[in-house]
Amino acid sequence: MRSLKAEPRYLLQAGQRRVMIRSRANGARRDPAPSRLAFRLQRLWLTPFVRAFTRIGVPVFVVTLGLGLWLGDEGRRADAMAKLEDIKLSIQNRPEFRVSTLTVEGASPEVEQAVRAMLPVQLPASRFAIDLVAYHDTIARLDAVKDVSLIVRTGGALDVKVTEREPVILWRTPSGIEMLDEMGHRTASLTRRDARPDLPLIAGEGADEAVPEALLILAAAQPILPRARGLVRMGERRWDLVLDRDQRILLPEENPVQAVERVLALDAAEDLLNRDFTRLDMRNADRPTIRLSAPALAQYQAISAGALNSVKVSQ
């Protein structure tokens, strides 16, 4: 018959029983959860800013601090700058960066000589020693230059392509004669008018600012250009077309080309320009006015007086 006393399910060794009994005697078991401070530190470490600062910011700070301390000495700093300058010069003076020749295309001999004289360094020289932007701007400031381009080619050649302004008209000023392009920009100076007899002449203050209009008037007056001496700007507002025999056609401020065309039509119909006059005023389109010369006026008055006397006699 079995005993009613409970038997232990597992048999424990004597040492184990003593450990368990001792642990129970010491108190409750240790809580495995982290402490509040450890929990906050773990949460802080998981933030992106702290992780980035720890991985990137701290090393950068340490390196910067070390460089700052090392470069704080003036002697070491001077040595470092000298070494960097030597490395820079050794690279810039390599043969593949050397410019040996200068070629100027599209320029007259005078402009080519000026372009060569404006080069800031003596060739051969490193391309890094030539300020191409400043050199370009210096050439572009020449009156005769309309456009310029600079190209450094392989082999050490610097090509300068120049487009010069084409003079189309002469402008007489108190200081001399200037050659102007189609926009009124100065290209060069002349000492004598007969140096460029193929170009028309304009005069007057502000005439250079109205060159496009002057060219249109001269184009319209093509049939009478052999007699034309030039155009004179009057009051910086309008033009006078000066002819030989001291004759002058006063053009209006507005639509001067149409006024020239009307003069040509009157000349074709009535041989107007071969008459003895000094001024032909076309400023009033509704009533052109002609001023006769002194001999022509005297002759006209004599003819008028004779005609009047004949009329009285007949009466």
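Reader: Which residues of helix H7 are buried?

Author: Happy to start there. In this predicted model, helix H7 covers residues 211–220, and its buried residues are Val211, Ala214, Ile217, Leu218 and Ala220. To be called buried, a residue must have under 20% relative accessible area.

Reader: What do the buried residues of H7 pack against?

Author: They pack against strands S6 (169–173), S7 (176–180), S9 (201–203), S10 (228–234) and S11 (238–243), and also against helix H8 (256–270). Packing here rests on contact, that is, heavy atoms within 4.5 Å.

Reader: Pro212 is found in helix H7 too. Why is Pro212 called partly exposed?

Author: Its relative accessibility is 37%. Buried would need under 20% and exposed over 50%, so a value in between is called partly exposed.

Reader: Now to strand S10, the place of Arg233. Why is Arg233 called buried?

Author: Because Arg233 has a relative accessible area of 11%, and the cut-off for buried is under 20%.

Reader: What makes the pairing of Arg233 with Glu213 a polar contact?

Author: Their side chains come to 3.3 Å, and the limit for such a pair of N or O atoms is 3.5 Å, with one able to donate a hydrogen and the other to accept it. Glu213 is also among the residues that Arg233 touches, a list including Ala203, Gly204, Ala210, Arg238 and Trp239.

Reader: Which bond joins Leu123 and Pro124, and what is its omega?

Author: A cis peptide bond, with omega about 0°. Pro124 lies in the loop between helix H5 (109–117) and strand S3 (125–126).

Reader: Let's turn to helix H3, residues 48–71, where Phe49 lies. Is Phe49 buried or exposed?

Author: Exposed, because its relative accessible area is 65% and the cut-off is over 50%.

Reader: What makes Phe49 part of a nonpolar patch?

Author: Patch members need over 30% relative accessible area and no salt bridge, with nonpolar side chains joined within 5 Å. Phe49 forms the patch with Phe53, Val58, Phe61, Val62, Leu65 and Leu69, and together they have about 750 Å² of accessible area.

Reader: What does UniProt place at residues 52–71?

Author: An unreviewed UniProt entry gives the feature "transmembrane region" there, and such annotations may be inferred rather than shown by experiment. In the model, that span is 100% helix and 0% strand, with its end C-alpha atoms 27 Å apart.

Reader: How many helices and strands does the chain have, and how much of it is buried?

Author: The chain has 9 helices and 14 strands. Of its 315 residues, 27% count as buried.

How values were computed
Residues numbered from 1 in each chain as written. Predicted model: local features only at pLDDT ≥ 70, side-chain atom pairs only at ≥ 80, totals over all residues. Heavy atoms only, no water. Patch = residues over 30% accessible without salt bridge, like charges linked within 9 Å, V, L, I, M, F, W, Y side chains within 5 Å. Areas by Shrake-Rupley, 256 points an atom, 1.4 Å probe, with all protein chains shown as cover. Salt bridge = Lys/Arg side-chain N within 4 Å of Asp/Glu carboxyl O. Helix = DSSP H or I, 4+ residues; strand = E, 2+ residues; numbered from the N terminus. Buried < 20%, exposed > 50% of the residue type's maximum accessible area, 1.4 Å probe, protein only. Lists of a residue's contacts leave out its neighbours within four places in sequence.
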